[in-house]
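Hello,

Here is the structure I promised to pass on. My notes follow below it, so please have a look at both when you get a moment.

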Amino acid sequence: MRKFLCLLALLAATAPAYAMQFDFTGYADFRLALPPGGDRTWLKGGLGKLRYGSGDSDFQFAGAVGDGSLMITPEILVVAVARVEPRQSALVDLLESYVRYRPVSTTPWRWSVKAGAFFAPFSLENTEIGWSSYWTITPSAINSWFGDELRTIGAEFTLEWRRGEGTLTLLGSGFGANDPAGVLMADRGWAMDDRPTGLFEQPREPDATLILLGETPPDNTPIFKELDDRVGWYAGASWDDSRQWRVEIFRYDNEANPGAHQEDYFAWHTRFWDAGFSDRIGEFTLLSQALTGSTIIAPFPGFISTTDYDAAYALLGWERDDWRIAGRADLFDTRTYNTFGATPALSENGHALTASVSWLPNDWFRLTGEVLSLTSTRDERAILGVDPRQTETQIQLSARFYLQ
């Protein structure tokens with residue numbers, strides 16, 4: 001990383017004179033929310049699957065996000081994305097911070113490399129600033145998990161082959177400081193929220209999981225931490241067709257040593273396959289994505305715990321003038337087993353339906369209403385004296401004010 005940044009500095013110093021360009025965009029998000037009853041949200045140590053839960057107020061300041069970019073030369077771009085939110089341990093936290101180098105190309109081939117901390121390019125939904133969704137307030141279970149547990153802290157290389165029929169993109173990445181990724185999938189399971197974890201944040205562990213393991217709540221877990229000095233990686237390919245459809249596939253492996261730990265925090269060997277497809281037909285857009293993988297921990301010799309997980313969604317969106325309407329269906333499950341057999345308490349299955357309507361009368365304002373109903377079965381809830389099968393329905397009205 002240090003060598004790469006030095007190379008960028010050298011390129012900037014030897015480049016022809018260029019007037020640097022700074023751009024900033026951001027938003028502040030205010031909500032009216034009808035949280036589901038029952039359990040607290042997982043963000044507060046409960047087993048609720050959504051952003052809001054029992055005890056949350058109807059009016060919420062959902063945070064402000066700022067995205068600043070500095071183009072040093074036509075080839076070198078520096079980006080930082082920060083969030084301000086009272087719920088964070090620090091009022092201001094970073095979501096991304098990276099440098100990208102992309103030489104100007106007049107041939108069908110173009111390459112680029114970026115280094116720092118950034119979201120991997122796995123999402124077809126979360127294409128707006130701050131890992132937010134174009135169509136809905138709450139992203140799918142898959143893309144919620146990407147925001148909760150994954151961040152590339154390293155470098156990514158991209159090669160594009162541009163033709164009249166479309167563009168073929170190949171990419172690969174090496175990263176570190178994401179060894180605990182998988183702990184939320186194993187202990188919490190799937191969730192659906194629009195609040196990605198900040199780079200300096202430590203999410204809350206479910207109280208029920210701590211009780212099940214004989215520990216005393218509350219507790220938090222690091223996510224962006226290096227525990228074994230191994231380099232993780234992902235690689236993938238995508239095709240963007242000139243007829244407005246796209247297909248992509250990725251393989252991710254953090255290569256963590258499942259026996260590595262610091263104090264009470266362990267590495268989780270997390271890996272998965274992810275595939276996505278999108279198509280645009282007139283005013284309609286179809287998005288679909290599927291993921292399958294596993295995460296493994298070996299906290300002491302002779303004991304291994306594995307959580308297999310799967311999820312998929314399909315979204316249909318319609319757009320005309322100032323209006324966007326979207327409907328989405330999610331399916332998800334986890335299956336946990338260890339050296340001694342299955343662990344039903346930490347396994348789950350569920351589904352969710354989301355409907356969203358957005359009105360965008362101008363560039364600086366977006367009003368979105370969303371209804372999300374999620375049903376899941378997780379035996380771990382019995383520890384808290386709750387029925388393992390729960391249906392959570394969350395209604396939100398988001399007023400988002402943009403600065404551009």
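A quick definition before the findings: buried means under 20% relative accessible area, exposed over 50% and partly exposed in between, with a 1.4 Å probe and protein chains only. Helices (H or I, at least four residues) and strands (E, at least two) are DSSP runs numbered from the N terminus.

Please keep in mind that this is a predicted model, where local features need pLDDT of at least 70, side-chain atom pairs count only at pLDDT 80 or more, and totals for chains, interfaces and linings use all residues. Residues are numbered from 1 along each chain as its sequence is written, and side-chain values use heavy atoms, with hydrogens and water left out.

**Helix 2 and the cores**

Helix 2 (141–149) is mostly covered, with 9 of its 9 residues buried. Among them are Trp145, Phe146 and Asp148. The cover over these buried residues includes helix 3, strand 12 (269–281), strand 13 (284–300), strand 14 (303–320) and strand 15 (323–338), where contact means heavy atoms within 4.5 Å.

Trp145 and Phe146 also turn up in the largest nonpolar core, which has 43 residues. Such a core is a set of buried Ala, Val, Leu, Ile, Met, Phe, Trp, Tyr and Cys residues joined through side-chain atoms within 4.5 Å. Together with Phe122, Trp190 and Phe272, these two touch the most other members. Not counting residues up to four places away in sequence, Phe122 touches Phe146, Tyr234, Phe250 and Phe272, among others. A second, separate core of 13 residues includes Leu43, Leu199, Phe224 and Trp268.

**Thr138**

In the loop between strand 5 (109–118) and helix 2 sits Thr138, which is buried at a relative accessible area of 1%. Its side chain makes a polar contact with that of Glu370 at 2.8 Å. For that term, a pair of N or O atoms lies within 3.5 Å; within protein, one must be able to donate a hydrogen and the other to accept it, and residues adjacent in sequence count only if both atoms are side-chain atoms.

**Salt bridges**

There are 29 salt bridges in the structure, each a side-chain nitrogen of Lys or Arg within 4 Å of a carboxyl oxygen of Asp or Glu. One of them joins Arg51 and Asp194 (3.1 Å, N to O). This pair links distant parts of the chain, 143 residues apart: Arg51 is in the loop between strand 1 and strand 2 (59–71), and Asp194 in the loop between helix 3 and helix 4. Arg51 is buried at 3%, and Asp194 is buried at 15%.

Arg328 pairs with Asp330, their closest N and O atoms being 2.9 Å apart. Arg328 counts as buried at 4%, as does Asp330 at 3%. Salt bridges that share partners join Asp29, Arg31, Arg51, Arg83, Glu85, Asp194, Arg195, Glu201 and Arg400 into one network.

**Backbone points to check**

The peptide bond from Pro217 to Pro218 is cis, with omega near 5°. Pro218 lies in the loop between helix 4 (207–212) and strand 8 (232–241). Ala177 is buried at 17% relative accessibility, whereas Glu263 is exposed at 69%.

Best wishes
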